[in-house]
Amino acid sequence: MIILSRWGFARPISLSSCSYSLRRYASKAKAIEGENEWETIIGLEIHAQLKTGRKLFSPASTSYGEVPNTNVNLHDAAFPGTLPVLDLHAVRLSLITALALNCQINRRSTFDRKHYFYHDIPASYQITQHYNPLARNGKLQISQGENNAKRTFDVGIHQLQIEQDTAKSQTVGDNTLVDLNRAGTGLMEIVTEPDMRSAEEAGAFVRKLQGLLRRLGSGDGDMEKGNLRVDVNVSVHRYGTPFGTRCEIKNINSVRFLQAAIESERRRHIQHYLTSPTTPIKQETRGLNELTLETFSLRSKEEAMDYRYMPDSNLPAVVIDPEYLSGLRNELPEMPWQVVKRLTDTYGVQKRDVETLIGLDEYGFEGIRYYEDVIGQGVDKKIAKKAMNWIVHELLGQIGKLSIPWSPTLIPSSLMREMILLIEDGRITGTTGKSIIKHLISAPAPSSSKKVTLQDVLLNLGIDINENNESSIDIKMLCQQAIGNQPKSVADYKKGNEKVIMRLIGEVMKLSKGTADARKVKEELVELLKA
Amino acid sequence: MRVTKCRLQSLKAPLKPRTSDIHPTPYSWINTCTPGSSTGNLAGISIAIKDNISYDIAPTSCSSSMLKDYNSPYIATCVQNLIAEGAHIAGQTKMDEFGMGSQTTHLPPFYTPVHNSASPSPGEPPRSAGGSSGGSAAAVAEGSCWAALGTDTGGSVRLPASYCGVVGLKPSYGMISRRGVIAYADSLDCVGVLGRDIDTVEHVFNVISRPDEGDMTCASSSIRLTAFDISQRHLPHDGIEGLRIGIPSEIKQKVSSGLLDYLRGQGAKVEEVSLPSIKKALPAYYVLACAEASSNLGRFGGGWFGSPLERQSRIEGESGEERRKRIRTEGFGREVKKRILAGTWALSADEFNNTYLKALHLRQLLRKDYQNMFRIPHPLFSPSIPQNQAGVDIILHPTAIRTAPVLGAKEAKGSNEYQQDLLTVPASLAGLPCISVPAGKGQDGWPLGVSLTSQWGMEGLVLRLGRAVEQWSKGQ
C-alpha cells in the first residue's frame, strides 16, 4: 500500500528531543575500508508549496497549524459535480521559479490525473502535470564551499511541474483521521538530474533552492513545517563501473536528515556490494529512522502502483505567451548568490556578512536594501566595509543581545549613514557610535510625526561634535591624568612590556566617558611615555 | 399558434408530476414546495432536472444506490440560472445509473421503472423512454413539466427525445456550465434541454447557455460573441433558404424522402457527404468514456459524501481498503462496474498507449473530418484556417435506428447497438451541437426523430432547421 509514501503522518519524535540519540548513534558510523573507491550518485525530488495563500484549484485559503478541516472548499473534498478552477497566480509563481532555475518553459503545458485510492485523496486522483510539465531542462550552479561542497558544478533540473497537495491523514487507534486543510494546496514538484555526488552537495542544493524560493516569494521552503519536502534517490558504484541500483528515501524533514539519509544509504550500499558483489542491491523505497539515522525499507519496486495517468479534461492547457514570459524574465529579482557576488566583488566585503544581511529578510532583501541605503551611491570600499561592520557586527550584535527583531526603521538608514560618516571624519569616536546605537535601539520607537536626527541623539547623550575635526576633550590632559593614576602600568611599560598600554588606554576611555578616540589616545600615550 | 397555446396552458394549469412506490414514474423526487411568485423569463414555469444535476433541496442520487439520499450542499450553475429566471424545479428525473445506459433500465432496485408515454394507443406493452435521460424525456412527454434538463455524453438526451417524441438539444461542448453536474466523462458530458417543441427548448437553452467562472471548460463571453458573429453571417435571412444539408453516406438509416423534399422545397440544398473516420471513431468513444468514468467514479466509496451506504463504517476486522471494495461492490450497479473496469484497463500502464492514446487520436481524426466538411468556420480556431467553401452547414440523419423498444424485450446485441451509437456518438466526440426533432412515426405508430448536427457554437442554425422539420412533422 501507499501509506508510508504519503506525507503527513505523525512523526514519532520531535527534532529537539532526539539530539542525544543523534550524537550517540552518529558516532557509531565508522569508516569503511576502501570507501574512496566508491562514487555516490544522488538525485532529488522536491515538493515546494506555492505561497499563494489559496488552494490551487479552489478558493479555500491555505493554512498551517489551524483547526483541522476548517479551510475546505467542496472541491477539496471532491464533492460530486465540483470542478477545478486553476489559480493563475500559482502558475505565475511556478513560472518565475522555473525561470530562476534556468528552465525551458513549455509553451503549452497540461494537467493530468494520477489515480490511487487512499484517505488522503478524496477524489481518488491527484491533479498533476505528468505528460506536459510546465518546464524542463534547467540548472542551478553549486559553488565550491557552499554547505562544504568540494567542487563547483551544475545540478540539472529535469522538470518542474505544478500539482495538488494531499490531505493529512493520521491513524489514531483503530481510526484514520483526515484533515483536508492541506488538501489541494498548490505544489511545485522539482525533479533534479542525478548530478550530486555527496550528502553535502545535496544539502547545498536544497539550501540554495530554499533561498531561491524565498527570494522569489514563490515558497517558504520550510522543511519543518512540511512546505518543502524532499525525496532523495541514491545509488552507489565503483568508479569506472556502471551506475548501481537506486533506492529512494522519502519523508525527509530537514537538510540534516537528508544528509544523514544519504550517508546511511551510501554505507549500506557499499556494505552490500562488499559482502555480495554479484547480486545487485534491491530497488526499493525507504524511510529514515530519525532516531538511529539509518534508512529502512518501506516497499519494494515490485509493489509499485500503476497510477493510470490520464489527461484532466476539466482543465484547459496552460499556454504561455512568449511576451508575458519575457516580461517575467525581466522582472526576476537579484538572487541571493548574485547579490553576494556583486557586493563582495564591488566592495570587498565578507561573503558571510552579506549572507547575514540576506538572512534579515530572505524575501524582500530589506537587509541588503538597508545596507545599500546606508552606503549610498558611488561609495569607496573603505566606507562600504565600515558600514558593513557597523550594521552586521555592532547593530545586529546589540539587538541580538537584547532580542530585539531587526527592522529597517529601527535606526533609519539616513541616520546610520550620517553617524558612520561622522565617525569616518573623526568628528565623533567609534565609542560614541556604539553609544548612539545603544541609545537608539533602547529608546521608544520614535513617533512618526517627528523625525529623529543625529543632532537630537547627540544632544540627548550630551556629546558635542568637534567641528574642527578634533576632539573637544583634551586628550593630552586625560592621558597625563591616566599616567598619574596608573604608576604600575607606566613602570611595566618602561620595563618593555608594551602591552600594558592597553590598560592606560582603558583608563583614558574611562576618564573621557568613552568619548575619546582610542587611536589618538594611543598615539598621545606613546608620545608621553617616551619622555 | 400551437406553440403559444401550449406555453399558456402550462403556465395556467401545469400538470402535477406524480411519484409512486408502485407505479411507473419518470420522477425520482418531486418538489412539493410551491413556486414562489417571481418575475423573469421563466416565471412560474415548471422544469424538471435529471437526477445527476445537483440541487440542494433534493437528494441527487444519479439513480445509484451509492448516492441514495445524498444531499448536495450546493446547486448546479445551470439550475441556479433557471431559478434566477423564476423557474420552478418540478423534480428530479430518473436516469440510467450515472448516465450509463440507453433505456433508463439501469436503475437501483428501489426505483419503479420509467415508461414511455408516447404510446399511440392504450393497452400496448410498456416501452422504453430511452436513456440515459429517459426520465426527463418521459416527464416532458407526459406533460408534467414544461421542459427538462438532461445530460448527454454519447446520445443520452437525443435518443430519449426520439423515443418519446419530444425535442432534445445537446448543445456544443462548453455552452452550458457543468458545475454541479455529476460527471460521467468530463470531455464528453453536456447538459441538454428537452422540451415539447423547438421554441421551448430554445427558450430554456438561452437562459442556461452562459459563461461560468466555476467551469474552466465553459465558453467565455468573447468566444460566444465570435460564435454569434459567425452564425449571424451564415444564418439564412429567411427560413432555411440556401442552407446546405449533408447526408452522411456512412449512415445506413435514411430519413424519409418526404422530409428531404420538403426541405428542398423550402430552399435548402441536400447533398451526400462523407465522414470517413466515423466508424473508426466509435470504439474511441467507449475507451474515452469508460476511462474518464473510471477516474470520476473513483471518489465514491471513500465515505465522504454523506449517503448512508457510502458513510458506512468498517465491519469488524475489515481494513480501510476492504471497506472501500465492499462499498463499491454493493453500491454500483452491473453496468457501472463493467464500464469502470473497462476504463481502468484502458488506463493501465500496459494498455495506455495502445488504447487510450489511440482513442484520442481517432477522436482527433473525426474532428478533422467534421471541420473539412463544414462550410462554417470553427469559432475556437484561428480564422486563418481555410474553410471548405463547397462544404455543408448541417448534417441530417435519423436519431435512432428504430422506435422505442418494448421494455424487457431481449435485445439483439452487437450490430444493432453499434448502428445506434453511430447515430449519436460522433457529435459527442466532436463536441458539436446536435438536436433531435420529432419527424413522423414509425410503422408501429411510435415517434421517430431526426438529428441535426452543425458547427461548434451554431445552436441557432440547428434550431432554425429544427423548426422547419417541426413544420413538416405538423403536416404529417
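**Notebook: contacts, cores and a helix crossing**

I began with B:Leu194 in this predicted model, and, leaving aside neighbours within four places in sequence, I found B:Leu194 in contact with B:Ser133, B:Ser136, B:Ala137, B:Val140, B:Ala147, B:Ala148, B:Gly150, B:Val157, B:Ala161, B:Val166, B:Val167 and B:Gly168.

I then looked up the largest nonpolar core, which has 147 residues, and noted that B:Leu194 is listed among those with the most contacts inside it, together with B:Ile47, B:Ala137, B:Ala147, B:Ala148 and B:Ile394. Helix H8 of chain B, residues 278-296, gives the most to this core, with 10 residues. Apart from it I found another core, of 55 residues, which includes A:Leu101, A:Ala135, A:Leu140 and A:Leu228.

My next entry concerns A:Val457, which I located in helix H12 of chain A, residues 454-461. I count A:Val457 as buried because it has 21 C-beta neighbours inside 10 Å, where 20 or more are needed. Beyond four places away in sequence, A:Val457 touches A:Ile436, A:His439, A:Leu440 and A:Val452. I also checked A:Tyr363, which is 94 residues from A:Val457 in sequence and 32 Å away in space, C-alpha to C-alpha.

Last, I examined two helices of chain A, H8 (residues 366-375) and H10 (residues 413-424), whose axes come within 8 Å and cross at roughly 45 degrees. That angle makes H8(A) oblique to H10(A), and the crossing of the two is right-handed. From H8(A), A:Tyr370, A:Asp373 and A:Val374 meet A:Ser413, A:Met416, A:Arg417 and A:Ile420 of H10(A); I sorted the residues of this contact into 4 nonpolar, 1 polar and 2 charged.

Terms used: Residues numbered from 1 in each chain as written. Chains lettered and ligands numbered in written order. Predicted model: local features only at pLDDT ≥ 70, side-chain atom pairs only at ≥ 80, totals over all residues. Helix = DSSP H or I, 4+ residues; strand = E, 2+ residues; numbered from the N terminus. Buried ≥ 20, exposed ≤ 12 C-beta atoms within 10 Å, placed from the backbone. Contact = placed C-beta atoms within 7 Å. Core = buried A, V, L, I, M, F, W, Y, C linked by C-beta atoms within 7 Å. Axes fitted to C-alpha atoms, helices over the stretch in contact; angles between N-to-C directions. Parallel < 35°, antiparallel > 145°, perpendicular 65-115°, else oblique. Left-handed = near helix turned anticlockwise from the far one by under 90°. Nonpolar A, V, L, I, M, F, W, Y, C, P; charged D, E, K, R; others polar.
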